[in-house]
Amino acid sequence: MAAPVHLEVPHDVTAPVVVGCSGGADSLALLALAVDGGLAPIAVHVDHGLRPDSDREAGIVADAAARLGAGFDARRVTIAGEANLEARARTARYDALEAARVAHGATAVLVAHTADDQAETVLLNFLRGSGSAGLAGMPARRGRVVRPLLAARRADVRAECTRRELTPWEDPSNDDLSFRRNWIRREVLPLLEQGAGRDLTPLLTRQADVLRAESDFLDALARAAWPGEGEARGRDLVAFPDPLARRAVRCWLGPPPPALDEVEAVLAVARGARRAVDLAGGRRVQRSAGVLHAVQRG
């Protein structure tokens, strides 16, 4: 029997809100729950232009929003290039959702990640070689983005969608195992659970919660030790123990989170062993008169 699903929304998130709504079961259930919660949601569908049937998805969201008494907004983004498609699509989607939030005067962007998504994210980040911040998974809140279903199980959320007789869109790309998340969801996690003889999602999400609290605490220490504001002096940075120096660099650079080899390269710049380093996301870190500068490449 499905467990009841409740929204976990911070006290400062008030009506109206934007709900990122793909037309899938999770986001439709989130939209319905936001209506029930008096949050006056606007369902925002972001069309990445990657499939010829994207108009159908937007129509499903528009119909559900009308039935539930929610607002609707369709946004289209363009994804250039071919490398790292998932990451670029995600960035474009969140940019579009934030633009919709501003346009509608909404207090937050709600997205429908569940505990199962969190467990998959922890495994994804483990395979990428992430540190503790990556193994902490997704935060329940980051800035204006709120995940009010992060403690709920996917099966319970989808049962909520079924109970309300909402017809979701089944994205065919969810069956494509060339996408690493799908591979983890459909093959890796079930195999691990078979070997462990238990449901691993509660274990992985509990680990993420512990590491999130520890990571936030250490981030605060790193920012206090080396704020990186004004003159970000390299000699001050490299005087720290390596774990604190690495974390200070990550905090200073902000998203997208740098890989370990990029952090080490920035520390080499701080020591004067390198003049500059180019990072993912079009950023460059360079040293001038002993001070580090992070600039966006043109």
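This is a predicted model: local features need pLDDT of at least 70, side-chain atom pairs count only at pLDDT 80 or more; totals for chains, interfaces and linings use all residues.
Start with strand β8, residues 283–288. On one side, β8 pairs with β7, residues 276–279. The two run antiparallel, and four bridges join them. On the other pairing, β8 meets β9, residues 291–296. That pair is antiparallel too, with six bridges.

In the β9 pairing, V285 stands opposite A294.

Now the turns. Three residues lie between β7 and β8, and in this hairpin G281 takes a positive phi near 85°. Two residues lie between β8 and β9. There, A289 takes a positive phi near 50°.

Most residues other than glycine have a negative phi, and most peptide bonds are trans. Against that background, some further sites deserve a look.

A40 is not a glycine, yet its phi is positive, about 45°. A40 sits in the loop between α1 (25–36) and β2 (41–47). Its relative accessible area is 45%, so A40 counts as partly exposed.

E165 also is not a glycine and has a positive phi, about 60°. Its loop runs between α6 (154–163) and α7 (180–196). E165 has a relative accessible area of 62%. The cut-off for exposed is over 50%, so E165 is exposed.

A15 and P16 are joined in cis, with omega about -5°. P16 lies in the segment before β1 (17–20).

Terms used: Residues are numbered from 1 along each chain as its sequence is written. Side-chain values use heavy atoms; hydrogens and water are left out. Two strands pair if DSSP finds at least two bridges between them. Buried means under 20% relative accessible area, exposed over 50%, partly exposed in between (1.4 Å probe, protein chains only).
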